[in-house]
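Subject: Model handover

Hello,

Here is the structure we talked about passing on. My notes on it follow below.

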Amino acid sequence: LLLYILYSSVNAKEKAISASRAANYIGTEVLACGKLMEVKRTSRFYFLNLDAAYPHQSLSIAVPKKSYENVFQNLGTPYNLVTKVVCAKGKVIEKKRNIQIHVNKPQNLSVAK
């Protein structure tokens, strides 16, 4: 039921999956949603960790630093989104045993209402 609500509120044209199921979709374009529990900043990326903090997250949304201002232009700082349901659209990849979706465009990141 929660996933249906997320799906309806984010994008009625696409089927959303829960972040916890993203590992089942490696190599596939999806819209994945989960509760943002942590934002980690590295020298190259902002990682939005869903469902739990690193290293126990089910999915990390990786936003390159060079795309940060563009991606978050309408959402504000990602730190203010902690505990909200966040959805990312993109290809699911596995990098260093972490499941990720890389987001470079603002239309590929949204907050469920």
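The largest pocket has a volume of about 310 Å³. A pocket here is an open set of points on a 1 Å grid over the protein atoms alone, with protein on both sides within 12 Å along at least five of seven lines; lining residues have an atom within 4 Å of a point. Points are joined across faces, edges and corners, and the volume is the space filled by probe spheres set on them. Lining this pocket are 15 residues, and those closest to its centre are T42, F47, K96, N98 and Q100. By type, the lining splits into 3 nonpolar, 8 polar and 4 charged residues. Nonpolar covers Ala, Val, Leu, Ile, Met, Phe, Trp, Tyr, Cys and Pro; charged covers Asp, Glu, Lys and Arg; the others, Gly among them, are polar. Strands β3 (45-50) and β6 each give at least two lining residues.

Some ground rules. The model is predicted: local features need pLDDT of at least 70, side-chain atom pairs count only at pLDDT 80 or more, and totals for chains, interfaces and linings use all residues. Residues are numbered from 1 along each chain as its sequence is written, and side-chain values use heavy atoms, with hydrogens and water left out.

Now the fold. The chain has 2 helices and 7 strands. Both are DSSP runs numbered from the N terminus: helices are H or I with at least four residues, strands are E with at least two. From the N terminus the order is α-β-β-β-β-α-β-β-β.

Next, strand pairing, which takes at least two DSSP bridges between two strands. β5 (residues 85-95) has several partners:
- β2 (residues 29-41) runs antiparallel to β5 over 7 bridges, and E29 stands opposite K91.
- β6 (residues 98-102) is also antiparallel to β5, with 4 bridges; I93 faces Q100 there.
- β7 (residues 109-111) joins β5 through 3 antiparallel bridges, with C87 opposite S110.

β5 and β6 form a hairpin with 2 residues between them. K96 sits in that turn and has a positive phi of about 50 degrees.

β4 (59-64) deserves a look. Antiparallel pairing with β3 spans 6 bridges, and L48 stands opposite I61. With β6, β4 runs parallel over 3 bridges; A62 is opposite H102. In β4, 6 of the 6 residues are buried, so the strand is largely enclosed by the rest of the structure. Buried means under 20% relative accessible area, exposed over 50%, partly exposed in between (1.4 Å probe, protein chains only). L59, I61 and V63 cover one side of β4, with S60, A62 and P64 on the other. Across the 113 residues of the chain, 43% count as buried.

The largest nonpolar core holds 25 residues, of which L59, I61, V63, F72, I101, V103 and L109 touch the most other members. β2 provides the largest share of this core, 4 residues. Such a core is a set of buried Ala, Val, Leu, Ile, Met, Phe, Trp, Tyr and Cys residues joined through side-chain atoms within 4.5 Å.

Last, the aromatics. Rings of Phe, Tyr and Trp (its six-membered ring) pair if their centres lie within 6.5 Å; planes under 30 degrees apart are stacked, over 60 edge-to-face, the rest tilted. That gives 3 aromatic pairs. The F45 and F47 rings have centres 5.5 Å apart and planes at 35 degrees, so this pair is tilted. F45 and F47 are both buried. Ring pairs also link Y46, Y68 and F72 into a cluster.

Best wishes

Terms used: 1 Å grid on protein atoms, 1.4 Å probe; cavity = no way out; pocket = protein on both sides within 12 Å on 5 of 7 lines; lining within 4 Å.
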